[in-house]
Amino acid sequence: MRNLSLIFLFCLLSSLSHAIELDFCVGDPSLPRGPEGYACKDPAKVTTDDFVYTGFRGEKTPNNVFGNNVTLAFSDVFPAFNGLGISMARLDFAIGGVIPVHSHRTSEVLLLVKGTIIAGFIDTNNTAYYKRLEVGDVMVFPQAMLHFQINVGKTPATAFVSLNGANPALQLTPTSLFAGNLPADIAQQITLLSHEEVRRMKRIFGTA
C-alpha cells in the first residue's frame, strides 16, 4: 500500500510539473490539430493581441433559415483558448428566431443580455427542462444534452455562452439529418417523417 501511495504521489507531481512548464499555449492553427489541441505558438512571437478577441463587436444580423446568427470563439478562431479548456459564442436571434436542437461535447452556461427567450435541454430520460429567461438570467446545459433556445420576445435577442472545452464542437440535429449526405429514405425511416416531409426539409437545406 505504501508503494502504491508513493507511485500515486509521483504521478501527481509529474502531471503538475508538466502543467506548469508553460504559462499558456496560444495555439498555432497553421499546424494540424491533435487530440490535445494545437501546438503552441512560439512564446517569443506571442503578443497582447493574441489574448484579445474582437469578433463579438457590433450588431449581428441573423442570416439563416433559423433566424439566428452564431458567432463562435473556439480555439480555431481564438487560439488563446487553446489548452485552457474554455470557449465562448455569441447568439443573436431575430424575432421568432431559434437555435434548433443541438449538442456539444461539453457543458454550456448561457447569459442572456438582450430580449426574452425560452431555453431548455432534454435529458436521456426524455425529460425536458426549459424556462423563459429574461435579461441577466443564466442557465446551464449539462454536457452532451440536446438543448435549444427560442426568441419569444417582441424584439431581437442576444446571449453569450461559455463552454468548458476549447473545441466543444456544435452538432445541429436538423442539419445533421437533412443538410448532409444522409439519403432521404434513411432519414424518413429514422425520423418517422413522410417522404414528402423529408424532401421538404432537404429542399430547405438545399440538398434535395
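Is Tyr-53 buried, partly exposed or exposed? Tyr-53 has a relative accessibility of 26%, which lies between the 20% and 50% limits, so the residue counts as partly exposed. The views below show a predicted model.

View 1. The structure contains 7 aromatic pairs. In the pair of Tyr-53 and Phe-56, the ring centres are 5.2 Å apart and the planes meet at 85°, so the arrangement is edge-to-face. Phe-56 is buried, at a relative accessible area of 16%, whereas Tyr-53 is partly exposed. Through ring pairs, Tyr-53 and Phe-56 belong to a cluster that also includes Phe-78, Phe-81 and Phe-160.

**View 2. Ring pair of Phe-66 and Phe-205.** The centres of these two rings lie 6.0 Å apart, with the planes at 50°, so the pair is tilted. Phe-66 sits in the loop between α1 and β1, and Phe-205 in the segment after α4 (195–204). The pair links distant parts of the chain, 139 residues apart. Phe-66 has a relative accessible area of 18%, so this residue is buried.

**View 3. Disulfide of Cys-25 and Cys-40.** The model has 1 disulfide. The sulfur atoms of Cys-25 and Cys-40 are 1.9 Å apart. The torsion about their S-S bond is about -110°, so the disulfide is left-handed. Both cysteines are placed in the loop between α1 (2–19) and β1 (68–73), 15 residues apart. Cys-25 is buried at 16% relative accessibility, while Cys-40 is partly exposed at 36%.

**View 4. Largest nonpolar core.** This core has 18 residues, and those with the most contacts inside it are Leu-91, Leu-110, Ile-117 and Leu-133. At least two core residues come from each of β2 (87–93), β4 (108–114), β5 (117–122), β7 (138–141) and β9 (157–163). The largest share, 4 residues, is supplied by β9. Leaving aside residues up to four places away in sequence, Leu-133 touches Leu-110, Leu-112, Gly-115, Thr-116, Ile-117, Ala-119 and Met-139.

**View 5. Domain arrangement.** The protein chain is divided into domain 1 (33–169) and domain 2 (176–205). Taken over C-alpha atoms, the centres of domain 1 and domain 2 are separated by 27 Å.

Note on methods:
Residues are numbered from 1 along each chain as its sequence is written. This is a predicted model: local features need pLDDT of at least 70, side-chain atom pairs count only at pLDDT 80 or more; totals for chains, interfaces and linings use all residues. Side-chain values use heavy atoms; hydrogens and water are left out. A disulfide is a pair of cysteine sulfur atoms within 2.5 Å. Buried means under 20% relative accessible area, exposed over 50%, partly exposed in between (1.4 Å probe, protein chains only). A nonpolar core is a set of buried Ala, Val, Leu, Ile, Met, Phe, Trp, Tyr and Cys residues joined through side-chain atoms within 4.5 Å. Contact means heavy atoms within 4.5 Å. Domain bounds come from an automatic or database domain assignment. Rings of Phe, Tyr and Trp (its six-membered ring) pair if their centres lie within 6.5 Å; planes under 30 degrees apart count as stacked, over 60 as edge-to-face and the rest as tilted.
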